[in-house]
Amino acid sequence: MLSSHLISKLPTYLVRLQLTYQNAGERRLSEIILHCHYATIEDAAYDNWNGGMYGHDVVLFLPVETLSFVGLDELEEVRKRLLADLNTLGDGIDNEWFNALRLDLNDDNDPEYQRAVPFSKKLPVNPDAVEFWKPGLARVFVSHRDLYKKEARELGEALEEYGMSCFIAHDTIAPLAEWRDEIMKGLETMEAMIVFMTDDFQDSLWCQQEVGYALGKSTPIVPLKLGSKDPPGFISHLQAMRGSMDNPYAAAKGLFPLIGKALGRQERLNEVLITAFCESPSYSDTKERFNRMEASVKSLTDAQLQQIVAAFAGNGQLNGAGHLTSKYERLRYFLENATRRKFTVSRGVISEQKSAAAFADDDADVPF
């Protein structure tokens with residue numbers, strides 16, 4: 001698989017479990033997580049059920065003082081408890097699961113231990129509280145050399161039509177904001193990274209550190225090859241998309257399915273496409289964004305339906321778009337196919353057609 005969304009969530013899960021165990025008075029489990037270094041083995045198991053299921057192994061390395069809390073006769077019970085709790089937290093992520101968990105002793109000579117990450121009790125940054133990310137859009141960090149910040153900005157503007165909010169250093173950062181802190185917020189809260197693979201990319205220590213950070217937290221990386229060189233070092237195995245900044249909208253069109261796949265969950269991609277549609281700034285954008293949403297979104301939750309209804313009422317670029325409300329009634333058919341309910345769409349109002357049983361309780365057709 002391209003990259004594991006479940007593994008990228010592991011640091012958050014460990015923080016949550018440590019606090020849960022601590023608050024419940026389960027000192028031994030709390031101490032195990034608090035003092036561990038953790039490593040993962042991606043795709044350690046595979047099951048072809050439901051289109052393919054990927055299982056990942058977790059190794060918790062512990063100092064001898066902490067590991068001694070667990071007797072040999074208790075090891076299996078503790079291991080199973082930790083594994084079950086991790087899978088409870090990860091239950092909402094499609095096509096992935098934690099396959100196994102192992103407790104091991106710290107060993108400086110062990111290659112797995114050498115790449116293990118120390119647990120930090122620092123709570124992850126809440127992306128909703130980071131002002132440079134646009135609400136509801138996918139959070140994409142664009143790593144690039146300073147010489148290409150104009151091209152990066154243009155690509156970011158093009159990707160926004162596809163529901164992507166792009167962090168581009170020096171453009172995204174507000175004046176007087178501490179730029180290092182802002183870059184760290186971007187790195188901590190990004191969902192995917194685009195790398196501007198120019199020939200001078202690897203000469204930048206900052207760019208190398210940004211890629212290293214993404215690798216360390218298992219963030220999906222999509223290289224955009226703009227020069228003659230292939231991705232270097234630890235991302236050399238990734239297939240780079242060849243692009244040109246002469247046409248950022250063409251590059252955005254090619255990157256969209258790759259980033260969509262990198263998000264790892266269909267429901268997250270649905271959120272991105274729906275939000276982009278609801279915020280359409282023009283009739284032509286409405287047509288393009290609706291077509292992308294219609295092609296990918298096969299079902300709507302009640303919250304998503306209400307989001308579309310509210311946007312249609314308040315955004316003139318939606319309710320005035322003939323592509324949605326012409327004789328072909330594209331918006332109505334989309335809503336009905338995605339909800340298995342009946343609607344009317346007229347004059348900026350989407351109303352549900354109630355059944356005969358519903359009319360017995362309420363004679364009016366009530367908009368959302």
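Mentor: We begin with a definition: helices are DSSP runs of H or I with at least four residues, numbered from the N terminus. Please keep in mind that this is a predicted model.

Trainee: What forms a salt bridge with arginine 79?

Mentor: Side chains of opposite charge can pair when their charged atoms come close. Here arginine 79 pairs with glutamate 76, the closest N and O atoms being 2.6 Å apart. Because the two residues are 3 residues apart in helix 4 (residues 75–89), about one helical turn separates them. Glutamate 76 has a relative accessible area of 40% and is therefore partly exposed.

Trainee: Which residue meets lysine 134 in a salt bridge?

Mentor: The partner of lysine 134 is glutamate 160, at 2.8 Å from N to O. Lysine 134 lies in the loop between strand 4 (117–118) and strand 5 (138–143), whereas glutamate 160 belongs to helix 6 (residues 149–160), so the pair ties together parts that are 26 residues apart in sequence. Lysine 134 is partly exposed at 39% relative accessible area, and glutamate 160 is likewise partly exposed, at 28%.

Trainee: Where in the chain do arginine 341 and aspartate 302 lie?

Mentor: Their side chains meet in a salt bridge of 3.2 Å, N to O. This pair links distant parts of the chain, 39 residues apart, with arginine 341 in the loop between helix 15 (330–339) and strand 10 (343–346) and aspartate 302 in helix 12 (residues 302–314).

Trainee: How many salt bridges does the count come to?

Mentor: The count comes to 17 salt bridges, and Glu329, Arg332, Glu336 and Lys342 are linked in a network of them.

Key. Residues numbered from 1 in each chain as written. Predicted model: local features only at pLDDT ≥ 70, side-chain atom pairs only at ≥ 80, totals over all residues. Heavy atoms only, no water. Salt bridge = Lys/Arg side-chain N within 4 Å of Asp/Glu carboxyl O. Buried < 20%, exposed > 50% of the residue type's maximum accessible area, 1.4 Å probe, protein only.
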